[in-house]
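This briefing is meant for a reader who is meeting the structure for the first time. Please look over the sequence and the model before turning to the points below.

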Amino acid sequence: MCPPKYDGTMHPEEWIQQVETFCLCNNIEISTAILYKKLIHPAIKIPSIVNIITKDEILNALKAHASFTIFKESCKRKLLALKHIPEKDGGDTMAFLSKFQSLCYNTELNDIEEIKNIIHKIMISNEFFKSEFSKRSKKISSMEELLALFGDIIEDEANLIKSGSCIALKHAATGKYLSSVSNLNYKTGSYSQAVFAGETFPGPNTLWIITFSSQSSKKYPYTNFAFYDDKIYLNHKMTSRTLICSGHYISPLYSHTEVGCNIGRHIGYSTAWKLKRHASSTNNNCTCVKSQDKIILQNDDFNKVLRSHELEFDLNNEKFQEVFGHDKRVGGNDEWIIELIS
């Protein structure tokens with residue numbers, strides 16, 4: 001096995017590192033620059049090479065050669081031609097970032113603002129990424145921070161709630177999911193399909209389809225995503241009934257506002273809800289709603305906040321944890337964790 005030769009197709013610093021690694025592994029001592037000289041391809045002619053006696057002089061001579069300029073320009077073109085493909089489409093973000101960082105190194109690109117501009121150009125067709133990157137990269141001053149931010153935004157995008165997403169809502173205080181069951185109706189009030197906080201893990205009865213018409217379309221072009229303060233609708237997947245808030249019926253316990261499920265729209269009911277950010281939410285200043293965000297759901301017409309608590313009501317000889325609407329002070333029992341299922 002021979003040590004690597006230098007032919008102008010890699011960065012001189014990387015080549016010297018490979019030579020040193022080879023010599024270390026094979027117990028070869030490098031006392032002068034003679035070994036480096038012999039490993040340079042004859043086509044790369046360095047006029048002053050006979051006078052070079054140190055590794056640093058070899059490095060400087062190779063960097064001053066025209067082949068290195070051509071190498072850097074080629075790497076710059078490759079850098080600008082990079083395409084990021086998300087994992088859901090068969091891509092690999094880690095491999096992309098590794099290639100990106102390597103090409104920046106080979107190009108000897110150290111200006112962080114220029115690197116930001118290149119990332120912006122690479123992601124030009126991704127409206128969400130561009131918007132978030134522009135906001136969150138302003139104070140970044142190192143490559144390491146920049147790569148971390150790239151990964152964070154890609155992760156955020158993968159977890160974004162979209163119109164048509166299948167979600168589950170976990171009551172933060174009790175760990176139970178917003179649920180409904182076919183043919184399980186209230187025996188009082190509207191007699192609509194009952195809603196309760198039931199299972200402690202996502203199952204068929206806990207799945208909801210979220211739909212909306214984004215209210216942020218003028219400010220943001222990527223309107224398929226859910227934004228805070230958007231008006232949304234929640235359709236129970238198993239029964240195809242919509243989450244409703246009653247205008248005049250009371251919940252099974254303590255005279256709160258009834259929340260249930262029904263088909264279509266009816267006088268005295270409201271099907272529209274608003275996504276509110278909970279005070280304890282930590283979503284990296286993302287303007288969109290993403291999986292695992294802590295949210296508050298407030299009915300759009302009656303301004304009732306969706307709440308649950310540990311108290312249970314009886315229905316068909318079974319006990320169910322009550323869910324209802326209220327207009328009192330918002331507290332811990334109003335916090336829900338939104339989970340993206342598909």
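The model is a predicted one, and its secondary structure comprises eight helices and 13 strands. The protein has a radius of gyration of 30 Å, whereas a compact globule of 342 residues would have one near 20 Å. Along the principal axes, the C-alpha atoms fill a box of roughly 100 × 45 × 30 Å, and 46% of the 342 residues count as buried.

**The largest pocket**

- A probe the size of a water molecule, rolled over the atoms, shows where empty space is left.
- The largest pocket has a volume of about 450 Å³, and of the 22 residues that line this pocket, His84, Pro86, Asn126, Ile154 and Glu157 are the closest to its centre.
- Helix 6, which covers residues 112–122, and helix 8, which covers residues 143–158, each supply at least two residues of the lining of the largest pocket.
- Helix 8 gives the most to that lining, contributing five residues.
- By residue type, the lining of the largest pocket divides into 10 nonpolar, five polar and seven charged residues.

**Aromatic rings**

- A pair of aromatic rings is described by two values, the distance of the centres and the angle of the planes.
- In this model the count comes to 12 aromatic pairs.
- For Trp15 and Tyr36, the ring centres are 5.9 Å apart and the planes stand at 70°, which is over the 60 degrees required, so the pair is edge-to-face.
- Elsewhere, ring pairs join Phe96, Phe100, Phe129, Phe133 and Phe150 into a cluster.
- A charged side chain is also found at a ring, as Arg277 lies over the face of Tyr228, 4.3 Å from the ring centre.

**Backbone angles in two loops**

- Most residues other than glycine have a negative phi, and most peptide bonds are trans.
- Asn27, although it is not a glycine, has a positive phi of about 55°, and its place is in the loop between helix 1 and helix 2.
- With a relative accessible area of 73%, above the 50% cut-off, Asn27 is exposed.
- Tyr191 likewise is not a glycine and has a positive phi, of about 65°, and this residue lies in the loop between strand 2 (178–185) and strand 3 (193–197).

- Phe320 has its place in strand 12, which spans residues 318–326, and with a relative accessible area of 10%, under the limit of 20%, Phe320 is buried.
- Between Phe320 and Ile124 there are 196 residues of separation in sequence and 50 Å in space, taken from C-alpha to C-alpha.
- His278 lies in the loop between strand 9 (273–277) and strand 10 (294–299), and at 12% relative accessibility His278 counts as buried.
- His278 and Gly91 are 187 residues apart in sequence, and their C-alpha atoms are 34 Å apart in space.
- Ser255 is found in the loop between strand 6 (241–250) and strand 7 (257–262), and with a relative accessible area of 55% Ser255 is exposed.
- The C-alpha atoms of Ser255 and Phe212 are separated by 30 Å, while the two residues are 43 residues apart along the chain.

Terms used: Residues are numbered from 1 along each chain as its sequence is written. This is a predicted model: local features need pLDDT of at least 70, side-chain atom pairs count only at pLDDT 80 or more; totals for chains, interfaces and linings use all residues. Side-chain values use heavy atoms; hydrogens and water are left out. On a 1 Å grid over the protein atoms alone, a cavity is a set of points where a 1.4 Å probe fits but cannot get out, and a pocket is an open set with protein on both sides within 12 Å along at least five of seven lines; lining residues have an atom within 4 Å of a point. Grid points are joined across faces, edges and corners, and a volume is the space filled by probe spheres set on the points. Helices (H or I, at least four residues) and strands (E, at least two) are DSSP runs, numbered from the N terminus. Ala, Val, Leu, Ile, Met, Phe, Trp, Tyr, Cys and Pro count as nonpolar, Asp, Glu, Lys and Arg as charged, and the others, Gly among them, as polar. Rings of Phe, Tyr and Trp (its six-membered ring) pair if their centres lie within 6.5 Å; planes under 30 degrees apart count as stacked, over 60 as edge-to-face and the rest as tilted. A charge sits over a ring if NZ of Lys or CZ of Arg is within 6 Å of the ring centre and within 35 degrees of the ring normal. Buried means under 20% relative accessible area, exposed over 50%, partly exposed in between (1.4 Å probe, protein chains only). The radius of gyration is taken over C-alpha atoms; the globule rule is 2.2 Å times the number of residues to the power 0.38.
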